[in-house]
Amino acid sequence: HYYESTGWFMHHQDYYDHYDRTGPQVYLGEWASRSTTHESALVEAMHLCALEHNGDVVAMSSYAPLLCKEGHANWNPDMIYFNNDTITALTPSYETQRLWGTYCGNEYVASELAIAPELRYRVAASVVRNTATGKTYLKLVNALPSQLTLTVDGLSIPAGVPVEGFH
């Protein structure tokens, strides 16, 4: 398992690309970016795209420690903070994990992301199909300081247009 900086996650999207496809599968026991910021959630989403792309190698992954009772923090980051009565904070990383758990597939769909090489480390994409429901999910993570326009099979989706439910 590993806890790395946001920069490490951006620059290591190919971490599992060169693993031996005939060797044992990986269980990534714990991983997280070392803070609880929105930038961390973005790079963790980029990492999840890479894990989906390498699902033939990475069989399972578990986020960093999930729960932290307020006043008893031994670790950072955690995903959910609570006290004796209630959940007090859900971090941006929680939302990333929730989205990936909600829109998951069991089959990776090969895709290509055409973007300038010098910007590639700040953008990630993954396409997965859920064979039980027949739905296909496109996940795009943009950590650039600007908007992108996405073209899918000739269909252009302008920046800022919500694509919830786009299959």
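In the predicted model, tyrosine 16 is in contact with Tyr2, Arg21, Val26, Leu28, His47, Leu51, Asn54 and Val58, leaving aside its neighbours within four places in sequence. Tyrosine 16 itself belongs to the loop that links helix H1 (6-11) to strand S2 (26-33). Its relative accessible area is 3%, so tyrosine 16 is buried, the limit for this class being under 20%. Tyrosine 16 and histidine 53 are 37 residues apart along the chain, and 8.9 Å separates their C-alpha atoms.

Strands S2 and S3 pair in the parallel sense, and 4 bridges are found between them. They belong to an open sheet of 3 strands, which has the order S1-S2-S3 and parallel pairing. Strand S1 (2-4) and strand S3 (58-63) are the edge strands of this sheet, each pairing on one side only. From one strand to the next, the twist averages 30°.

Helix H2 lies across S1, S2 and S3 and runs at about 160° to S2. H2 (residues 38-53) also approaches helix H3 (residues 92-102): the two axes come within 8 Å and cross at roughly 25°. H2 and H3 are therefore roughly parallel to each other, as angles under 35 degrees are placed in that class. The crossing in which H2 passes H3 is right-handed. On the H2 side, the residues that meet H3 are His38, Ala41, Glu44, Ala45, Leu48, Cys49 and Glu52, and their counterparts in H3 are Pro92, Ser93, Thr96, Gln97 and Trp100. By class, the residues of this contact comprise 6 nonpolar, 4 polar and 2 charged.

Another open sheet consists of 3 strands in the order S4-S5-S6, and its pairing is mixed. Its edges are formed by strand S4 (67-69) and strand S6 (87-90), each of which pairs on one side only. Neighbouring strands of this sheet are turned against each other by 20° on average, direction ignored. Strand S5 (residues 80-82) pairs with S6 in the antiparallel sense over 3 bridges. Isoleucine 80 has leucine 90 in S6 as its bridge partner.

The loop between S4 and S5 contains proline 77, and asparagine 76 is found in this loop as well. The peptide bond from asparagine 76 to proline 77 is cis, with omega near 15°. Apart from neighbours within four places in sequence, the contacts of asparagine 76 are with Arg34, Thr36 and Tyr81. Between the C-alpha atoms of asparagine 76 and serine 35 the separation is 6.7 Å, although these residues are 41 residues apart along the chain.

Conventions
Residues numbered from 1 in each chain as written. Predicted model: local features only at pLDDT ≥ 70, side-chain atom pairs only at ≥ 80, totals over all residues. Heavy atoms only, no water. Axes fitted to C-alpha atoms, helices over the stretch in contact; angles between N-to-C directions. Helix = DSSP H or I, 4+ residues; strand = E, 2+ residues; numbered from the N terminus. Parallel < 35°, antiparallel > 145°, perpendicular 65-115°, else oblique. Left-handed = near helix turned anticlockwise from the far one by under 90°. Contact = heavy atoms within 4.5 Å. Nonpolar A, V, L, I, M, F, W, Y, C, P; charged D, E, K, R; others polar. Pairing = 2+ DSSP bridges. Buried < 20%, exposed > 50% of the residue type's maximum accessible area, 1.4 Å probe, protein only.
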